[in-house]
Amino acid sequence: MTDFEKTPVGDVPRVRTVLDVTDILAGVKVRCGIGRNTYRIAPGLYCIGTPGKDSPVLVTANYKLSFDILRRELISVDAWILVLDTRGINVWCAAGKGTFSTAEVVRCVRNAGLDRLVSHRRLVLPQLAATGVAARRVKKDCGFEVIWGPVRAKDLNRFLAVGRDADSGMRQVTFSLWERFVLIPVELAAISKHLLWVLVAGFILSGIGPGGFSFDDGWRRGLMLTAACATGILGGAIAVPLLLPWLPARAFALKGLFTGTALGLMLTAARWHTANGWELLALFIWTGVFSSYLAMNFTGATPFTSPSGVEKEMRRAIPWQGTAVLAGVAIWVASAFA
Amino acid sequence: MKTFRYLSNVVTLSLDSDACVGCGICTDVCPQGVLAMAGRKALIADLDGCMECGACANNCPVEAIRVTPGVGCAAYIIQTWIKGKQAAACC
């Protein structure tokens, strides 16, 4: 924020279009899952440049990453920005959850006194908000017409320049290598929350042997299990997102099984002389199933998987994934007695 | 999205051509290019590209489009199985 624009509805904070180092570092942090649920800005009216009564009104979510991406793209544009209260969630997810909704748009338009601020009666909404906002009801309830803006903020300049008209390229989501890559840190952060318990269970299982429980065996064999978990994560949460369009099969559980099997073979080869045959078999099974499960979880981060499809895939995959985990546990414990 | 394909023939999207008034709003809001206009009627041009976000049905003025929207996330679906739809939270 730099200063305030004096308007008939009060002082409106003016924000800059250049992100400073703090914004960029904070953006990297939330991409890594740190403080992601509290990264929000105050809802309400903001402005960019020196807007007047004819300037466009752009509507967005109060997730600060969304807001920063929007303002970064608005160099040499004069516009009002209406920030809704989406509880710090991005546009598309908030629309899916019902916080970026028709009622919220109407409420914020009224609270901001938009009809006294601008002479026109148009709002530019991000297209992905259409999941939660019914344009005709916004018009009916507050008199403002909804113009569906482009999916990506980077197309806004062009969209506004050509008279608020979006071509099909602006209307469709993409899932490029870079767009997939930036999702990996958040996936890893989510996994690490559960990983500790898996590893603790792994160390306990690993310590069981003919002589009862052995801390030495628990540590030595537990480290092998840790390596299998790490390899599974590499397969399911890193390789699958990166290699997504090139992996065989459509079901993510199978894509993850594919990468997990390939990496599991490498792991068993590396452990060939330091583990017995049963141990190698258990490590191989776990790497594959861990990778498969994590890949299946990645469906939630993609912009093209339908819930009906995910549910169908899960009903098929979870039974054999569960069976494989139990078989892996049984073989692992039995291998200490071999 | 033509470059990515998920499972075939699973989505709940359907369109009632008789009810369609040809306004074309569904083709504007669909982020996957699933719907297209053929003359004065909308049609489903790429059913398997649909991700059931519900934007089209939410904005159709005559309720000609039906789809069961939802969150396509495994962790969320597991929660709905265990805790039920109301208690489940998304990431």
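**Figure 1. A:S76 in a loop of chain A.** A:S76 sits in the loop that runs between α2 (64–72) and β5 (79–83) of chain A. The model shown here and in the other views is predicted. The phi angle of A:S76 is near 55°. That is a positive value in a residue other than glycine. Most residues other than glycine have a negative phi. A:S76 counts as exposed because it has 8 C-beta neighbours inside 10 Å, and the cut-off for exposed is 12 or fewer.

**Figure 2. B:N9 ahead of the β1 strand of chain B.** B:N9 belongs to the segment before β1 (14–15) of chain B. Phi of B:N9 is near 50°. Here too the value is positive and the residue is other than glycine. Is B:N9 buried or exposed? B:N9 has 9 C-beta neighbours inside 10 Å, so it counts as exposed.

**Figure 3. A:A189 in helix α10 of chain A.** Helix α10 of chain A covers residues 184–207, and A:A189 is found in it. A:A189 has 14 C-beta neighbours inside 10 Å and therefore counts as partly exposed. That class lies between exposed, at 12 or fewer, and buried, at 20 or more. Which residues does A:A189 contact, leaving aside its neighbours within four places in sequence? They are A:C32 and A:G33. A:I34 also belongs in this view: from C-alpha to C-alpha, A:A189 and A:I34 are 8.3 Å apart in space. In sequence, 155 residues separate A:A189 from A:I34.

**Figure 4. The two assigned domains of chain A.** Chain A is assigned domain 1 (4–173) and domain 2 (178–335). Taken over C-alpha atoms, the centres of domain 1 and domain 2 of chain A are 40 Å apart. The contact takes four residues from domain 1 of chain A and six residues from domain 2 of chain A. On the domain 1 side, two of the residues are nonpolar, one is polar and one is charged.

**Figure 5. The side of chain B that touches chain A.** In this view, 34 residues of chain B are in contact with 36 residues of chain A. Which elements of chain B give two or more residues to its side? They are α1 (25–29), α2 (55–59) and α3 (74–83) of chain B. The largest share comes from α3(B), with four residues. By class, this side of chain B has 22 nonpolar residues, nine polar residues and three charged residues.

Methods: Residues numbered from 1 in each chain as written. Chains lettered and ligands numbered in written order. Predicted model: local features only at pLDDT ≥ 70, side-chain atom pairs only at ≥ 80, totals over all residues. Contact = placed C-beta atoms within 7 Å. Nonpolar A, V, L, I, M, F, W, Y, C, P; charged D, E, K, R; others polar. Domains from an automatic or database assignment.
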